[in-house]
Amino acid sequence: MKSFFIDNYEYNIGDIIVLKGEEHHHLSKVLRTKINEIVECFSNGDEKYICEVVSINKEQTTLKLLKKEIVNTNPISNLTVFTALLKGDKFEFLITKLTELGVSKLIPFESEFCIGKNVGNKSARYIQIAKDACKQCKRSRILDVEEIITFSQMLSQIKTFDKVFFAYEKETNKYLKELLKDVKKEDNIAIILGSEGGFSEKEAQMIVEQGGISVSLGKRILRAETANVMLSSIVLYEMGEYN
């Protein structure tokens, strides 16, 4: 079934819902949806709205809400990913993949060895990428992609989590298999990953001082985006996300 996002509002059976802008364009021009076709709509909550297409014109699409259903594809765990700035379109790749995996929040930060640059506020684009990924994987709650923060701000934020793990290429004694034994699905967990240049020793020490636990991701050197996907997947698995 074709999926679309609508405003976060309390809708009732029989309500008329209007799509404009990007969602209207996607419905009418990209997917070429027809009048009387049945579609599903998400509003960034835990319900989906089954709707009938009533009319389509140049400016908007009109839908009629037929029924509501509970969505069972949203994350059941609470994992936040802090990732250092990545170059090119790698951050956008992460938005898509972490949405599919079931990450709750993605927060980019600046670090000493970052190769990627702060290109300004692209939040609207990131939200749209997250929405598109949600449509593909049938997740109705959008990945929360926050604006870029400083390394100091990241350190301040990680104090609030139950457990914090960070991937560090110089770690040789702590491995995920042992460290994740006590992880529970109700835990509020954060993971921290560096950029292509990794972390400096000073940065690693500062993370440890704030409660972060350094972990090894094995003997091979991974690309930054690969490490993000790998560590997120493993932690979510241990939290019961894929049961």
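Author: Two strands pair if DSSP finds at least two bridges between them, and strands here are DSSP runs of E with at least two residues, helices being runs of H or I with at least four, both numbered from the N terminus. This is a predicted model, in which local features need pLDDT of at least 70 and side-chain atom pairs count only at pLDDT 80 or more, while totals for chains, interfaces and linings use all residues. Residues are numbered from 1 along each chain as its sequence is written, and side-chain values use heavy atoms, with hydrogens and water left out.

Reader: What makes β1 and β3 a pair?

Author: Three bridges connect β1 and β3. The rule asks for at least two, so β1 and β3 count as paired. The pairing is parallel, and Phe-5 stands opposite Phe-42 in β3.

Reader: Where do β1 and β3 stand in their sheet?

Author: The sheet is open and has five strands, in the order β1-β3-β4-β5-β2, with mixed pairing.

Reader: Why are β1 and β2 called edge strands?

Author: β1 (3-5) and β2 (16-19) each have a single partner strand, so one side of each has no neighbour in the sheet. From one strand to the next, the twist averages 45°.

Reader: Which helices pack on this sheet?

Author: Helix α1 touches β1, β2, β4 (47-56) and β5 (61-70), where contact means heavy atoms within 4.5 Å. The direction of α1 makes about 160° with that of β1. Such angles run from 0 to 180 degrees between N-to-C directions, with axes fitted to C-alpha atoms, for helices over the stretch in contact. Helix α3 touches β1 and β3, and its direction makes about 150° with that of β1.

Reader: Why is Glu-40 called buried?

Author: Glu-40 has a relative accessible area of 4%. Buried means under 20%, exposed over 50% and partly exposed in between (1.4 Å probe, protein chains only), so Glu-40 is buried. Glu-40 sits in strand β3 (residues 38-42). Beyond its neighbours within four places in sequence, Glu-40 is in contact with several residues, including Met-1, Phe-4, Tyr-49 and Ile-50.

Reader: What makes the link between Glu-40 and Lys-138 a salt bridge?

Author: The N to O distance is 2.8 Å. A salt bridge needs a side-chain nitrogen of Lys or Arg within 4 Å of a carboxyl oxygen of Asp or Glu, so this pair qualifies. The pair links distant parts of the chain: Glu-40 is in strand β3, and Lys-138 is in the loop between α3 and β8, 98 residues apart. Lys-138 has a relative accessible area of 28% and is therefore partly exposed. Glu-40 and Lys-138 also belong to a network of salt bridges with Lys-48, Lys-67 and Glu-69.

Reader: How many salt bridges does the structure hold?

Author: It holds 17. One of them joins Lys-135 and Glu-23, with the closest N and O atoms 2.9 Å apart. Lys-135 lies in helix α3 (residues 123-137) and Glu-23 in helix α1 (residues 21-30), 112 residues apart.

Reader: Are Lys-135 and Glu-23 buried or exposed?

Author: Lys-135 has 9% relative accessibility and counts as buried. Glu-23, at 6%, also counts as buried.

Reader: What separates Glu-100 and Lys-97 along their helix?

Author: Glu-100 and Lys-97 are three residues apart in helix α2 (residues 90-101), which means about one helical turn. An α-helix has 3.6 residues a turn, so residues three or four places apart point the same way. The salt bridge between Glu-100 and Lys-97 has its closest N and O atoms 3.8 Å apart. Glu-100 is partly exposed at 36%, and Lys-97 is partly exposed at 28%.

Reader: How do you know that the buried residues of α6 line one face?

Author: In helix α6 (residues 201-209), Glu-203, Ala-204 and Ile-207 are buried. Down the axis of α6, the buried residues fall within an arc of 100°, so they line one face. The arc is that of the directions from the helix axis to the C-beta atoms. On the other side, Glu-201, Lys-202 and Glu-209 are exposed. What covers the buried residues includes α4 (151-157), β9 (163-167) and β10 (188-193).
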